[in-house]
Amino acid sequence: MTETLVEIAQQIPKIRVAVVIERQRQPSPWEDWRFTVADVVVNDGRYGDTPRLLRDDGQAAQFLFPELPVELRRDEGEGYFLNLTSGAPVWFVMWRIDAEDPSRAWPERVTLSYNEAGRLMDAQERVDNRPLPAEVRDWLQDYTDAHYRPEPKKRRRPVSFVAPDQRD
């Protein structure tokens with residue numbers, strides 16, 4: 001029996017997060033605005049579902065963007081493994097600046113995959129990271145342990161032992 005897309009979607013482990021982006025006004029003579037991802041937290045319902053301004057003192061402002069999904073997919077297993085074994089696992093947040101109004105920025109995607117973050121950066125996207133809390137790290141570790149097996153390392157023969165016509 002084949003699975004429907006709804007059944008498959010229900011099997012994908014996911015959580016929702018809220019991202020806080022901080023904006024600074026004229027942080028240097030060469031910049032009108034500077035944005036940073038200030039925080040990423042699991043949205044357990046207390047952050048609502050509507051983006052909003054948290055504070056603005058004229059120089060610095062913080063904006064909350066709730067309800068961003070983070071899904072774990074089997075084909076990103078290596079990226080999760082690399083994130084977990086990096087020594088400091090992180091959230092990767094891809095965000096954009098409004099082309100019409102450069103005083104506005106927002107997060108587009110949050111991932112836990114080192115490889116997906118690398119692909120986004122290769123595509124010239126802005127990607128920042130924030131530390132991963134222990135409970136999310138444990139959730140990611142359990143998923144990775146269940147669904148990913150690193151490729152065994154293959155011993156490579158020294159070039160001097162390979163026939164000249166078979167060398168790379």
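Q: How many aromatic pairs does the rule give?
A: This is a predicted model, in which local features need pLDDT of at least 70 and side-chain atom pairs count only at pLDDT 80 or more, while totals for chains, interfaces and linings use all residues. Residues are numbered from 1 along each chain as its sequence is written, and side-chain values use heavy atoms, with hydrogens and water left out. Rings of Phe, Tyr and Trp (its six-membered ring) pair if their centres lie within 6.5 Å; planes under 30 degrees apart count as stacked, over 60 as edge-to-face and the rest as tilted. By this rule the number of aromatic pairs is four.

Q: Is the pair of F35 and W95 stacked, edge-to-face or tilted?
A: The ring centres of F35 and W95 are 6.1 Å apart. Their planes meet at 55°, so the pair is tilted.

Q: How far apart in sequence are the parts that F35 and W95 tie together?
A: Helices (H or I, at least four residues) and strands (E, at least two) are DSSP runs, numbered from the N terminus. F35 lies in strand β2 (residues 31–42) and W95 in strand β5 (residues 90–97). The pair therefore ties together parts separated in sequence by 60 residues.

Q: Is W95 buried or exposed?
A: Buried means under 20% relative accessible area, exposed over 50%, and partly exposed in between (1.4 Å probe, protein chains only). F35 has 7% relative accessibility and counts as buried. W95 has 6%, so W95 also counts as buried.

Q: What kind of pair do F92 and Y114 form?
A: F92 is buried at 8% relative accessibility, whereas Y114 is partly exposed at 45%. Their ring centres are 6.3 Å apart and their planes stand at 80°, so the pair is edge-to-face.

Q: Which helix holds Y114?
A: F92 lies in strand β5, and the pair ties together parts that are 22 residues apart in sequence. Y114 is in residues 114–122, which make up helix α3.

Q: Which residue has its charged end over the ring of W95?
A: A charge sits over a ring if NZ of Lys or CZ of Arg is within 6 Å of the ring centre and within 35 degrees of the ring normal. Here the charged end lies 5.4 Å from the ring centre of W95. W95 also stands opposite this residue of β7. The residue is R126.

Q: What is the order of strands in the open sheet of three strands?
A: Two strands pair if DSSP finds at least two bridges between them. Six bridges join β5 to β7, which run antiparallel. The edge strands, β6 (105–111) and β7 (126–131), each pair on one side only. With antiparallel pairing, the order is β6-β5-β7.

Q: At about what angle does α3 run to β6?
A: Axes are lines fitted to C-alpha atoms, for helices over the stretch in contact (heavy atoms within 4.5 Å). Angles run from 0 to 180 degrees between N-to-C directions. α3 lies across β5, β6 and β7, and its angle to β6 is about 140°.

Q: Within what arc do the buried residues of α2 fall?
A: In helix α2 (residues 77–84), G77, G79, Y80, N83 and L84 are buried. The arc is that of the directions from the helix axis to the C-beta atoms. Seen down the axis of α2, the buried residues line one face of the helix, because they fall within an arc of 165°.

Q: Is T144 buried or exposed?
A: T144 is found in helix α4, and α4 (134–147) is among the elements that cover the buried residues of α2. Not counting residues up to four places away in sequence, T144 touches G77, Y80, F81, L84 and R149. At 3% relative accessibility, T144 counts as buried.

Q: What is the phi of Q124?
A: Most residues other than glycine have a negative phi. Q124 sits in the loop between α3 and β7 and is exposed at 69% relative accessibility. Although Q124 is not a glycine, its phi is positive, at about 70°.
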